[in-house]
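Trainee: I would like to learn how to read a few features of a protein model. Could we take them one at a time, with the general idea before the case?

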Amino acid sequence: MPNPFAGLMPALEILGREARVLPATGQAIVDGVRPDIEELYDRATGGGAQTDGLWEKPAASLYREVPQVPRQERHLFKYFADGSTKTYFIGTILEHDRSSPVQLAQVGAAGVRREDDGRLRKAAVISNIALLLDKSALSGVIWEKVQSAAAEIPSLLIRDTSEEDSYSSVGGDEPRSRGAHKANWLMREAERRIAQNGLPGRSQDDWLVSDGSLGNEYLNWDGPPLIGVAKTFRRDSTFQIGKGPAARTLNLYSLLSGLEESHRTAVFPRRRPNHSQVIAFWYVRLRAQRQLDYPLMGVVKVEIPCPDGKPVDTEVADLISGALVAERSVTPHGQDSRWHAHLYPVWVAERVIRDSFFSEEVLKAAIRWPINESE
């Protein structure tokens, strides 16, 4: 089979020719992000830990029962999207007294459409290979040559890990960690492109379920209706309930310990300072606590953009929550530690994008230092 990373070779050959390269042992090492990337992302874009007041009309109680809304009764969610990324450390480039890790990422997102009879069909796939370098540690000559070598390959992205974005500072200043986070930001961008206009045949009334929290880039959302559903989320949140002498503050564990199966919490606002737009969020318990190990299991966090700054209608929150509870029936039990909060169509979307990636064995066989373009 032809080398799937052939388009990357001219850029890597320039790095080896213009500077000294120390290869990674074994050709490639997987770079991950710890702790859980979704929780870190929720912390980075979720505003402060304390939430004041509720954000739905008419005002509801703290907990609300949401009967299931099965597909046969009302097919609310027809589209589901998820992204994935895998980042590899393939070497270190040395130029005079400066150095930069050389990282390679396979990154992308996929969307699936569910027909009225329940069949799932692949609707969209965005897949890229990204070369991640610290531009601040390289000369302008090398950076320009690498970019020029990669310019003719549309699916190849060259990204500067020192460039700031709303996600880059989450993991600190360690270069390899910034590279892994940059790859995750590219994945988020791919997910947003699919959600905005990347699903052929989707009407302006078709709801999309996107895996994970919605970042601040969704505050001014102007596309078709969507929600973000997070299986993992920040755990340091506190909630100010009520006003005056009767006001009380709950931490997340206290809030969710009282949340029963097929119930949701009230809706809360997430704001950015000096911005009128809001991301509204609430929690839904998909599975009874008696079936699980601790209160946060079996719960998903639901987010929805409110670009007009208006509270969410209680009926809308109930409908969304009831449709999500109905999605819990089929789960990849035993294949993912987050099975208790999985939505099966989202899991299928994740499999679609992951199956488009090349294996670590293919990567190691394809990329060996020094790079020789004639091979």
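Trainee: Where in the chain is the place of Phe5?

Mentor: Some ground rules come before the case. This is a predicted model, in which local features need pLDDT of at least 70 and side-chain atom pairs count only at pLDDT 80 or more, while totals for chains, interfaces and linings use all residues. Residues are numbered from 1 along each chain as its sequence is written, and side-chain values use heavy atoms, with hydrogens and water left out. Helices (H or I, at least four residues) and strands (E, at least two) are DSSP runs, numbered from the N terminus. Phe5 lies in the segment before helix H1 (9-18).

Trainee: Is Phe5 buried or exposed?

Mentor: Buried means under 20% relative accessible area, exposed over 50%, and partly exposed in between (1.4 Å probe, protein chains only). Phe5 is buried, with a relative accessible area of 1%.

Trainee: Which residues does Phe5 touch?

Mentor: Contact means heavy atoms within 4.5 Å. Not counting residues up to four places away in sequence, Phe5 touches Leu104, Gln106, Ile129, Phe358, Val362, Leu363, Ala366 and Ile367. Take Phe358: its C-alpha is 9.5 Å from that of Phe5, although the two are 353 residues apart in sequence. For the chain, among contacts between residues at least 6 apart in sequence, 71% join residues at least 24 apart.

Trainee: What covers the buried residues of H1?

Mentor: The buried residues of H1 are Met9, Ala11, Leu12, Glu13, Ile14 and Leu15. Their cover includes strand E1 (20-23), E6, strand E7 (98-114), strand E8 (120-133), helix H3 (140-150) and helix H8 (360-366).

Trainee: How many helices and strands does the chain have?

Mentor: There are eight helices and 18 strands. Of the 375 residues of the chain, 53% count as buried.

Trainee: Which strands join E10 by bridges?

Mentor: Strands of a sheet pair through backbone hydrogen bonds, either parallel or antiparallel. The rule used here is that two strands pair if DSSP finds at least two bridges between them. Strand E6 (residues 77-95) is joined to E10 by four bridges, and the two run parallel; Tyr79 stands opposite Leu208 in E10. Four bridges also join E10 to strand E11 (residues 226-230), again in parallel, with Asp211 opposite Val229 in E11.

Trainee: How many residues of E10 are buried?

Mentor: Five of the five residues of strand E10 (residues 207-211) are buried. Trp207, Val209 and Asp211 point one way, Leu208 and Ser210 the other way, and all are buried.

Trainee: What is the order of the open sheet of three strands?

Mentor: The order is E3-E12-E13, with mixed pairing. Strand E3 (50-52) and strand E13 (248-251) are the edge strands, each pairing on one side only. E3 and strand E12 (residues 238-241) run parallel and are joined by three bridges; Asp52 stands opposite Gln240 in E12.

Trainee: Which residues line the largest cavity?

Mentor: Rolling a probe the size of a water molecule over the atoms shows where empty space is left. On a 1 Å grid over the protein atoms alone, a cavity is a set of points where a 1.4 Å probe fits but cannot get out, and a pocket is an open set with protein on both sides within 12 Å along at least five of seven lines; lining residues have an atom within 4 Å of a point. Grid points are joined across faces, edges and corners, and a volume is the space filled by probe spheres set on the points. By this rule there are three cavities of 30 Å³ or more, and the largest has a volume of about 50 Å³. Its lining is made of Tyr41, Arg188, Glu191, Ser210, Asp211, Ser213, Leu214, Gly215, Glu217 and Tyr218. Helix H4 (175-197) and E10 are the elements that give two or more residues to this lining.

Trainee: Which residues are the closest to the centre of the second largest pocket?

Mentor: That pocket has a volume of about 330 Å³. Of the 15 residues that line the second largest pocket, the closest to its centre are Trp207, Ile304, Pro305, Cys306 and Pro307.
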